[in-house]
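The following paragraphs lead the reader through one structure. Please keep the sequence and the model in view while reading.

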Amino acid sequence: LRRLISRGTLARVALAQRLGIPPSAATQRQHGIDCACYYTENLFVRSPVEGHFCFEGRTAFERRERPLLESLSFEARDELLSRLEAEAARRRGIVPAAAARKARVAAEYSPLRPELWTLCERWLHRDFVDLVEQARAGELRAPPQLAPGIYTLPVFSELFCRLLTEELAHFGASGLPVGQPNSMNRHGALLDELGLSAGLLDPLLSDWLRPLCAALPPLAAAGGASIDHHKAFVVAYRLGEDESLSMHVDNAEVTLNVNLGGGFEQGELLFYGRTAHPLAHHDWHDGGGVGHGVLHLGAQAHAALPITSGERLNLVIWMRSRARRREAGCPMCGQTDRLL
Ligand SMILES: O=C(O)CCC(=O)C(=O)O
Ligand SMILES: [Fe+2]
């Protein structure tokens, strides 16, 4: 058994070496980097051109993207290459950097509301509790859908949203470091780094969200019945910082996105099908308000329109399934042979 385990580790380290990624990425699974494509594909840049790019290094990129590079000025070309290099370096270093920030927060942060670190029913919306109880009993009356497989539902209590928002402001004032939520959103917080996984998010996933996803056929069929890990973060939109989010798919089998409030205008979520025309549109104000959210397939393309005033805070959970990935491949690249 020991030999098999170490052979597995060695194989992962060898894979990491072949792909030119840090060996720690092959052996540390808890950070949720599930596929080696993370290091070279879907790198997002906002300027001088906005988009997702593959980047295996300057030379390969210059060869493959010659027409694009030739259409840019010398300065813009240099800016694009530097930004891609910086993003690739951020991704290569993300596992140790996140672990170091998490350790520092654990040692130095004094929470305003320590009770937030433990899940209790007070944090959940009463109608969400009912919904999950129906799902557990096999009697779910499915929540309304914006389009097939895009559900709107109450999730958290207003109390939870207010306390978490206050906690995040308190954390921001502490001056402790926090990683950016994901490669597209630059402002907010990675909740695992605050130590919120073990007592709050892990049980939310296993005891509440998994039974619910398992009872909703479009989500269950896409891995929702076997979700077993997550990446959870708060995204913050403010004028002059991140104001909107361009179209993308999530590195998730199923995504939960909940309005934490903030007093903003606009900022609606758009969902796309096979055309550039949105197939559904979610207005956070009409959608039930604070504590209410959207549950959708990670593969459903979506975007967020700009806010026009105030601040918008949303709690997003990218829910992932190892079993589904082993079977159907990484949701970003579709391959199984680069899974870590
Ligand atoms: O701004 C939003 O509400 C959407 C965020 C989102 O799509 C994401 O973080 O994956
Ligand atoms: Fe998203």
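At what angle do helix α7 and helix α9 pack, and how far apart are their axes? The model is predicted: local features need pLDDT of at least 70 and side-chain atom pairs count only at pLDDT 80 or more, while totals for chains, interfaces and linings use all residues. Residues are numbered from 1 along each chain as its sequence is written, and chains are lettered from A and ligands numbered from 1 in the order in which they are written.

Helix α7 (residues 126-136) packs against helix α9 (residues 197-214) at about 60°, with 9 Å between the axes. Axes are lines fitted to C-alpha atoms, for helices over the stretch in contact, and angles run from 0 to 180 degrees between N-to-C directions. Helices (H or I, at least four residues) and strands (E, at least two) are DSSP runs, numbered from the N terminus. The angle therefore makes α7 oblique to α9; angles under 35 degrees count as roughly parallel, over 145 as roughly antiparallel, 65 to 115 as roughly perpendicular and the rest as oblique. On the α7 side, Leu131, Val132, Ala135 and Arg136 meet Trp208, Pro211 and Leu212 of α9, contact being C-beta atoms, placed from the backbone, within 7 Å.

Ligand 1 is surrounded by residues including Asn182, Asp250, His302 and Asn314, a residue being near if its C-beta atom, placed from the backbone, lies within 6 Å of the molecule. Two strands, β13 (302-304) and β14 (307-320), each supply at least two residues of this shell.

UniProt, in an unreviewed entry, lists residues 228-321 as "domain: Fe2OG dioxygenase"; positions follow the numbering used here, feature names are shortened, and annotations may be inferred rather than shown by experiment. Over residues 228-321 the chain is 0% helix and 61% strand, and the end C-alpha atoms lie 5 Å apart.

Two backbone details remain. Ser47 and Pro48 are joined by a cis peptide bond with omega of about 5°, and Pro48 sits in the loop between β1 (43-45) and β2 (51-53).

Terms used:
Two residues are in contact if their C-beta atoms, placed from the backbone, lie within 7 Å.
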